[in-house]
Number of protein chains: 2
Amino acid sequence: MNLENIFKGYSLSQEHQRIIGDKLKPITITKGESLLFPGDTTFYQYYVVHGCLRSYFTDTAAKEHTIQFAITDWWISDYTSFFKKEKAILQIECLQDATLLQLSRDDMNQICQSIPGIEEYFRFKTESYIGSFQRRIIGDLSKTAKEQYLDFVNTYPNIEQLVKNYHIASYLGITSESLSRIRKEIARN
Amino acid sequence: MNLENIFKGYSLSQEHQRIIGDKLKPITITKGESLLFPGDTTFYQYYVVHGCLRSYFTDTAAKEHTIQFAITDWWISDYTSFFKKEKAILQIECLQDATLLQLSRDDMNQICQSIPGIEEYFRFKTESYIGSFQRRIIGDLSKTAKEQYLDFVNTYPNIEQLVKNYHIASYLGITSESLSRIRKEIARN
DNA sequence: CGCGACGTTGATTTGCCTCAACGATTGTGG
DNA sequence: CCACAATCGTTGAGGCAAATCAACGTCGCG
């Protein structure tokens, strides 16, 4: 396993790589399977080596709302559950056969304590989430569906090709019919 | 200054309280003033001792979108700017005369390094933001304006009394006219 | 081949916005 | 302390973007 892709910019000794490698448990999952269900509590976050997953919320009207997609080099979890040990409200589903590295909260804390500088990696990652969530809230509040879609394909061109249109629609907060019409209108130009 | 309210649950020695107290700079600000403007870079976050502030985004149509309110015991900043040293996109405005404690990013890091356990406080705070942003995105995606408003007054009853209706509307992503109609409809029942 | 999943298209409905006007309340200067 | 202006919240009329409901074409797969 090559840790360099994960901890880009952090030079790790052989010994430190071994310690981290021992904590990261490889997982394979096939399309359609789920890693986590609402109501369960998750003690893990997952690094995507390859494949594609999404986390989503199912509302009282049984509509699904995609919170996050994850492809190579992304981490995914229900972070409310992972951080606070609360029951998850999200489901995490595999959209394309995937290989993951599973890391528990306890092991993450241990790595942070025993390997100087690595806590910064995880802190930076958490802080980056704040930024992307904030951008998303601003987008939800201030943009039309068409603008949101154009932003999405610009920001995540690699994801757009991998997932179904109705997954994208559920991420943007619109119906798949509306997304279809938006795409049609864009194609006309 | 009493640090106990800020670092609830963290027992600090006299010496450590002195170190932290030296870094927290008291600030007073009056209604209508702003701490931060879009385009500036902020090196500070602010703890609210008393008073009320909001952070908001102004879109290309000159509409304001409130991202966060902050009252006693909350922290506020443009966290994208504060964490990443990027230019701020938010403005931070005082809604009720306030007393704040200003803490710079560098001082925060120094406190984290010199006082064991305090880094956990800030990490926990950042992780809590993830949870509240996630809940907000889910709300934006899955709830009607009326449900969103009811959630807001349940979750932040202390804030609802302090701020103007159009600030709440801009937080919920609706117009003040719509909020007025929603309130009227709720009052009928 | 036949079935189910997916995307598209049309007709209609609806929730919220926009624009406009008008009380109520608050603040301010004479 | 009053007069007036500004701010704020409310109400109405009309419009629009997206949802809903329904039908249908296409593609992939057992």
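How many nonpolar, polar and charged residues does the surface near DNA strand C have? I looked and got 3 nonpolar, 6 polar and 7 charged. For the classes I counted Ala, Val, Leu, Ile, Met, Phe, Trp, Tyr, Cys and Pro as nonpolar, Asp, Glu, Lys and Arg as charged, and the others, Gly among them, as polar.

Housekeeping: this is a predicted model, where local features need pLDDT of at least 70, side-chain atom pairs count only at pLDDT 80 or more, and totals for chains, interfaces and linings use all residues. Residues are numbered from 1 along each chain as its sequence is written, with chains lettered from A and ligands numbered from 1 in the order in which they are written.

Back to DNA strand C: I found 16 residues around it, near meaning a C-beta atom, placed from the backbone, within 6 Å. The closest are A:Asn165, A:Ser180, B:Ala145, B:Ile174 and B:Ser178. I then checked which helices (DSSP runs of H or I, at least four residues; strands are E, at least two; numbered from the N terminus) line that surface. α7 and α8 of chain A and α5 and α8 of chain B each supply at least two residues, and α8(A) has the largest share, 6 residues.

Next, the two protein copies.

Last, the contacts (C-beta atoms, placed from the backbone, within 7 Å): 24 residues of chain B meet 24 of chain A. On the chain B side, α4(B) gives the most, 14 residues.

Methods
Contact = placed C-beta atoms within 7 Å.
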